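The sequence and the structure are shown first.

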Amino acid sequence: MSRLRALVLQHEQPTPGGYVNQWLEDRGADQDIFRIDIDGREVDAREYDLIVSLGSEFAAFDDLPWIKREEVILRQALDADVPILGVCFGGQLLAKVAGGSAFRSDKSEIGWLPVRTRDESLVPHGPWFQWHFDSFTLPDGAKLIADSDVGPQAYTIGRSLGTQFHPEVTPDIMESWVRAYSHELEQDGVDPQGLLDETYQRAAETRKAAWRLFDSFLKRVAGHTKEAVGGG
């Protein structure tokens, strides 16, 4: 049986795929990790079985060349019915490309926070890690799966899933974020050490929740079976 081929769109050094990369490896997938912010090569979404768009320090509405290039890739994937998993920035950009809008939110969310889920078997209530200052509107045809007082937290559109929260976050990623973006924590009155401590305390349960989310997405939304990517 052929292995699933995944294109993982990474937008800067401190925001790797974390649990997404580990899960894809566990499932036997081939991963093409594409630093689209610094790599100018052309990619064809139709050559992949899955597209993953990760988080970013930038906003989906920013006017940057690599964001415009990524919009083309996501549009091509949607048109070709290639499943997309969009995480935070990726979830916002997916919504924007599909016809929704992305914008600066009136309120930020930073920390381990629960979501109101309409489908616990697809998106558990968490808590999930949040670190965002922006939000988005759902495109036509999207189904809201989870939300919070700030806005949408998870949705499906066709074979794709977008999340506002970060299911990919590992303790190592949190360490790098606290170092790289400590000014954002200070502005929001968030204690960096407390955030790190909670991340380590929650590591085992959040990894399990992430695998459950990714597996449910792959089978129920994207329509791939775990067997097709070598998992069990």
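Two residues are in contact when they have heavy atoms within 4.5 Å. The model described here is predicted.

## Val-123 and the nonpolar cores

With neighbours within four places in sequence set aside, Val-123 is in contact with Val-115, Thr-117, Trp-128, Ile-145, Ala-146, Ala-154, Phe-165 and Leu-213. Val-123 also belongs to the largest nonpolar core, a set of 32 residues in which Leu-24, Val-123 and Phe-214 have the most contacts. Two or more residues of this core come from each of strand E1 (5–10), helix H1, strand E3 (50–53), strand E4 (84–87), strand E8 (143–147) and helix H6. The greatest share is that of H6, which gives eight residues.

## Helix H6 and its two partners

Helix H1 (residues 19–26) and helix H6 (residues 192–221) have axes that come within 10 Å and cross at roughly 60°. H1 is therefore oblique to H6, and the crossing is right-handed. On the H1 side, the residues that take part are Tyr-19, Val-20, Gln-22, Trp-23 and Asp-26; they meet Ala-203, Thr-206, Arg-207, Ala-210, Trp-211, Phe-214, Asp-215 and Leu-218 in H6. Eight residues of this contact are nonpolar, two are polar and three are charged.

Helix H4 (residues 171–180) also meets H6: the two axes come within 9 Å and cross at roughly 170°. An angle over 145 degrees counts as roughly antiparallel, so H4 and H6 are roughly antiparallel to each other. From H4, Pro-171, Asp-172, Met-174, Glu-175 and Val-178 meet Pro-192, Leu-195, Leu-196, Thr-199, Tyr-200 and Ala-203 in H6. This contact is made up of eight nonpolar, one polar and two charged residues. Ala-203 of H6 is listed in the contact with H1 and in the contact with H4.

## The enclosed helix H3

Helix H3 (residues 89–97) is largely enclosed by the rest of the structure, because eight of its nine residues are buried. The buried residues are Phe-89, Gly-90, Gly-91, Gln-92, Leu-93, Leu-94, Ala-95 and Val-97. They pack against E3, helix H2 (65–79), E4, strand E7 (128–136), strand E9 (152–157) and strand E10 (160–163). Just after H3, Gly-99 has a positive phi of about 120°.

Ser-160 is situated in strand E10. With a relative accessibility of 2%, Ser-160 counts as buried. Apart from neighbours within four places in sequence, Ser-160 is in contact with Leu-78, Val-82, Pro-83, Ile-84, Leu-94, Tyr-155, Phe-217 and Val-221.

## Backbone features in the loops

Asp-81 is in the loop between H2 and E4, and Cys-88 is in the loop between E4 and H3. Asp-81 is partly exposed, its relative accessible area being 44%, whereas Cys-88 counts as buried at 4% relative accessibility.

A cis peptide bond joins Gly-126 to Pro-127, with omega near 15°. Pro-127 is located in the loop between strand E6 (116–117) and E7.

Technical notes
Residues are numbered from 1 along each chain as its sequence is written. This is a predicted model: local features need pLDDT of at least 70, side-chain atom pairs count only at pLDDT 80 or more; totals for chains, interfaces and linings use all residues. Side-chain values use heavy atoms; hydrogens and water are left out. Axes are lines fitted to C-alpha atoms, for helices over the stretch in contact, and angles run from 0 to 180 degrees between N-to-C directions. Helices (H or I, at least four residues) and strands (E, at least two) are DSSP runs, numbered from the N terminus. Angles under 35 degrees count as roughly parallel, over 145 as roughly antiparallel, 65 to 115 as roughly perpendicular and the rest as oblique. A crossing is left-handed if the near helix is turned anticlockwise from the far one by less than a right angle, and right-handed if clockwise. Ala, Val, Leu, Ile, Met, Phe, Trp, Tyr, Cys and Pro count as nonpolar, Asp, Glu, Lys and Arg as charged, and the others, Gly among them, as polar. A nonpolar core is a set of buried Ala, Val, Leu, Ile, Met, Phe, Trp, Tyr and Cys residues joined through side-chain atoms within 4.5 Å. Buried means under 20% relative accessible area, exposed over 50%, partly exposed in between (1.4 Å probe, protein chains only).
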